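Student: I would like to go through this model by question and answer. Please show it, and we can start with a single residue.

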Amino acid sequence: MEIKTDEAMSLHTTFRTGGPAKYFITVNDADELKKALSDAERPFIIGNGSNLLADDRGFDGTVIRLQGTFTEIKTEGNKISAGSGALLSTAAQAAAEASLTGMEFSYGIPGTVGGAVFMNAGAFGGEMRDVVEKVTLFDRETGEITDIPGEDMGFGYRKSILKGPDPLEF
């Protein structure tokens with residue numbers, strides 16, 4: 001785990017916007033994430049910083065970036081398992097290399113698997129709801145890890161059950 005203070009968010013967003021985050025923590029596995037979340041002030045988790053416009057005035061909270069095991073992609077038979085911090089384009093490439101179809105739509109979408117699932121990313125007639133079999137979630141309140149079947153994710157146009165009714169404020 002790496003902890004920085006007053007880290008410029010412009011270094012971590014694809015649009016290169018954003019002033020300093022009070023705390024910027026890079027976590028590499030689930031144990032580090034649990035620790036970071038337990039100590040965090042106003043936690044905000046990011047992957048690749050795609051589609052993220054961070055305020056140039058900064059963020060008076062904790063930004064947590066997912067790395068390490070969160071970026072792993074495994075292919076087993078006709079299934080792919082990808083961490084929430086894995087690049088969506090890398091997951092699509094892994095599918096192609098394993099001669100699996102269905103993720104072609106996602107190759108050009110910037111960002112991570114976690115963000116893509118969160119907002120049901122899609123393009124060219126395909127979307128995450130078409131390829132997600134299950135999502136493994138960590139509940140910050142209870143510390144429990146739960147698997148949610150894809151059909152229970154409430155996928156709709158650019159939404160899932162993970163996305164609340166109000167836009168995220170950074």
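Student: Is Thr26 buried or exposed?
Tutor: Buried means under 20% relative accessible area, exposed over 50%, and partly exposed in between, with a 1.4 Å probe and protein chains only. Thr26 has 15% relative accessibility, so Thr26 counts as buried.

Student: What should I know about the model before going on?
Tutor: This is a predicted model, where local features need pLDDT of at least 70 and side-chain atom pairs count only at pLDDT 80 or more, while totals for chains, interfaces and linings use all residues. Residues are numbered from 1 along each chain as its sequence is written, and side-chain values use heavy atoms, leaving out hydrogens and water.

Student: In which strand is Thr26, and which residues is Thr26 in contact with, leaving aside neighbours within four places in sequence?
Tutor: Thr26 has its place in strand S2, residues 20-27. Strands are DSSP runs of E, at least two residues; helices are runs of H or I, at least four; both are numbered from the N terminus. Contact means heavy atoms within 4.5 Å. With neighbours within four places in sequence set aside, the partners of Thr26 are Met1, Glu2, Glu32, Arg65 and Gln67.

Student: How many helices and strands are there, and in what order do the elements run?
Tutor: The protein chain has three helices and 10 strands. From the N terminus on, the order is β-β-α-β-β-β-β-α-α-β-β-β-β.

Student: Why is the chain called as compact as a globular protein of that length?
Tutor: The radius of gyration is taken over C-alpha atoms, and the globule rule is 2.2 Å times the number of residues to the power 0.38. For 170 residues that rule gives 15 Å; the protein chain is close to this, so it is as compact as a globular protein of that length, with a radius of gyration of 16 Å.

Student: What percentage of the residues is buried?
Tutor: The C-alpha trace spans about 45 × 35 × 30 Å along its principal axes. Of the 170 residues in the protein chain, the buried ones make up 38%.

Student: How many salt bridges does the count come to?
Tutor: A salt bridge is a side-chain nitrogen of Lys or Arg within 4 Å of a carboxyl oxygen of Asp or Glu. By this rule, the count is 11.

Student: How far apart are the closest N and O atoms of Asp39 and Lys35?
Tutor: Both residues lie in helix H1, residues 30-39. They are four residues apart, about one turn of the helix. Lys35 is partly exposed, at 44% relative accessible area. Asp39 forms a salt bridge with Lys35, and the closest N and O atoms are apart by 2.5 Å.

Student: Which residue forms a salt bridge with Lys74?
Tutor: Lys74 is exposed, with a relative accessible area of 51%. Its closest N and O atoms to the partner are 3.8 Å apart, and that partner is Glu72.

Student: Where does Leu87 lie, and which residues is Leu87 in contact with, beyond neighbours within four places in sequence?
Tutor: Leu87 lies in the loop between strand S6 (79-82) and helix H2 (88-97). At 34% relative accessibility, Leu87 counts as partly exposed. Leaving aside neighbours within four places in sequence, the contacts of Leu87 are Asn48, Ile73, Gly111, Thr112 and Val113.
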